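Dear colleague,

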Amino acid sequence: ASNNDHAFPVIMAALVAAVDEHGDLMRMAIASPGNDFRLGACEAPPAIISMYLGDDMTKYLEDFMNGSDAKYVPGRKTLDLGTAEVLPFEVPAEDRNRTSPFPYGGARFEFRAVGSAQNVSMVNTVLNTIAAEKFGEFADRIDAGESAADIAREALKKHFKVIFNGDNYDEANQQMLTDSGVWRIDSGVEAIATLTSDKNIALFDKMGVLTADECSARQDVLHDHYTGTVEMEAYALVDMINQHIVPSVKKASVGPLAELEAAVKTIEAAVAEIHAAESSLEKARLARVLRLETMIDIREVCDAAEAIVPANMWTLATYKELLFLDTHTVTQENGYFDE
């Protein structure tokens with residue numbers, strides 16, 4: 001993409017080093033309650049910040065690292081749409097690997113772990129800062145008389161472990177990456193807390209992007225946003241239980257009524273505990289437990305009620321309606337399905 005065969009491997013080596021050193025910041029930038037659910041499933045990569053380069057690019061950088069000066073020649077394949085109106089055309093042969101958080105797609109990288117509802121300002125700030133810092137480090141060493149190729153080869157040898165072209169969903173591969181030292185932070189709350197680590201404060205201060213106080217303030221805001229999101233979801237669940245599920249269970253005279261009423265008290269007590277916590281970090285940690293543990297258990301109680309309450313007495317949309325809206329409708333007269 002640079003059209004400079006000498007600069008290209010140096011640029012790629014700098015990006016490989018940046019991702020390996022600052023994968024914690026990349027994970028911080030995508031932290032949210034939604035991503036604590038999504039990462040590792042739903043066509044989203046796991047919370048392990050590796051990078052996919054594809055076989056051609058990986059082989060090229062590996063050869064360069066070992067002394068080769070060969071040009072990068074990406075593989076191509078012909079795509080035939082099977083229509084007379086569109087002639088067959090060539091496209092890059094590399095797959096985008098949807099299980100990787102940071103795949104190379106030919107002339108660009110994709111950060112595929114960002115949540116769809118997220119503001120990408122922090123994401124872009126992190127990506128630009130870590131890339132700029134590494135480019136600056138390389139440039140300073142080049143200005144001091146070192147060879148750009150030697151600097152790049154040194155960086156690749158040190159950071160090559162972050163390159164992984166396999167299946168990131170495979171648990172054995174996840175363990176291998178974790179053991180090799182690739183950044184892995186499963187909890188979004190703990191990922192946000194890395195914003196104020198000594199390493200990251202020094203990075204942002206060096207690049208003139210954020211001061212230590214600004215890092216601390218943004219960390220608190222991110223934790224408060226995490227907590228606030230969970231709190232709204234918790235209160236929504238309380239409303240659903242009180243206004244729909246409990247009345248349906250009472251009307252049908254079946255279902256786990258006592259467990260549902262206890263669940264409401266459990267959620268309210270957990271929210272009260274969050275409010276009583278002193279720091280934003282402590283509040284967010286409690287919120288994560290509420291959302292990913294307590295509310296998951298309560299959801300199972302609600303599902304058990306839905307399974308036995310007659311459909312005409314159930315006032316929420318059922319899984320059958322949600323999943324098969326194209327083949328099922330509900331009549332206003334009796335509330336049963338017409339199939």
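Predicted model: local features only at pLDDT ≥ 70, side-chain atom pairs only at ≥ 80, totals over all residues.

Residues are numbered from 1 along each chain as its sequence is written, and side-chain values use heavy atoms, with hydrogens and water left out.

Helix packing

Helices and strands here are DSSP runs numbered from the N terminus (H or I of at least four residues for helices, E of at least two for strands). Helices α1 and α6 pack with their axes 9 Å apart and at an angle of about 35°, where axes are lines fitted to C-alpha atoms, for helices over the stretch in contact, and angles run from 0 to 180 degrees between N-to-C directions. Their crossing is left-handed, a term that applies if the near helix is turned anticlockwise from the far one by less than a right angle, with clockwise giving right-handed. On the α1 side the contact is made by P9, V10, A13, V16, A17, D20 and E21, and on the α6 side by A148, A152, A155, L156, K158 and H159, contact being heavy atoms within 4.5 Å.

Helix α6 also packs against helix α4 (residues 54-65), at an angle of about 115° and with the axes 9 Å apart; the crossing of α4 and α6 is likewise left-handed. Here L61, F64 and M65 of α4 meet A149, A152, R153, L156 and K157 of α6.

Salt bridges

Side chains of opposite charge can pair when their charged atoms come close. Taking a salt bridge as a side-chain nitrogen of Lys or Arg within 4 Å of a carboxyl oxygen of Asp or Glu, the count comes to 19 salt bridges.

One of them joins the side chains of K161 and D20, at 2.8 Å from N to O. This pair links distant parts of the chain, 141 residues apart, since K161 is in the loop between α6 (148-159) and α7 (171-180) and D20 is in helix α1 (residues 7-21). With a relative accessible area of 7%, D20 is buried, whereas K161, at 31%, is partly exposed; buried means under 20% relative accessible area, exposed over 50%, and partly exposed in between (1.4 Å probe, protein chains only).

A salt bridge between R141 and E154 has its closest N and O atoms 3.1 Å apart. Because R141 lies in helix α5 (residues 121-143) and E154 in helix α6, the pair ties together parts that are 13 residues apart in sequence. E154 is partly exposed, at 47% relative accessibility.

In the salt bridge of D186 with R184, the closest N and O atoms are 3.2 Å apart; D186 is partly exposed at 45% relative accessibility, and R184 is partly exposed at 32%. There is also a network of salt bridges that links E21, K134 and E137.

Surface patch

L79, L81, V86 and F89 make a nonpolar surface patch of about 310 Å². Patches are made of residues with over 30% relative accessible area and no salt bridge, with like charges joined within 9 Å and nonpolar side chains (Val, Leu, Ile, Met, Phe, Trp, Tyr) within 5 Å; accessible areas come from the Shrake-Rupley method with a 1.4 Å probe, and for residues only the protein chains shown count as cover. L79 belongs to strand β2 (residues 76-79) and is partly exposed, with a relative accessible area of 35%.

Single residues

S32, in the loop between α2 (23-29) and α3 (33-38), is buried at a relative accessible area of 15%. Leaving aside neighbours within four places in sequence, S32 is in contact with Q118 and Y226.

M295 lies in helix α12 (residues 280-308) and counts as buried, at 5% relative accessibility. Apart from neighbours within four places in sequence, M295 is in contact with E233, A234, L237 and L290. The C-alpha atoms of M295 and K157 are separated by 45 Å, the two residues being 138 residues apart along the chain.

N242 is found in helix α10 (residues 212-252) and is partly exposed, with a relative accessible area of 39%. N242 and L260 are 18 residues apart in sequence, and their C-alpha atoms are 8.7 Å apart in space.
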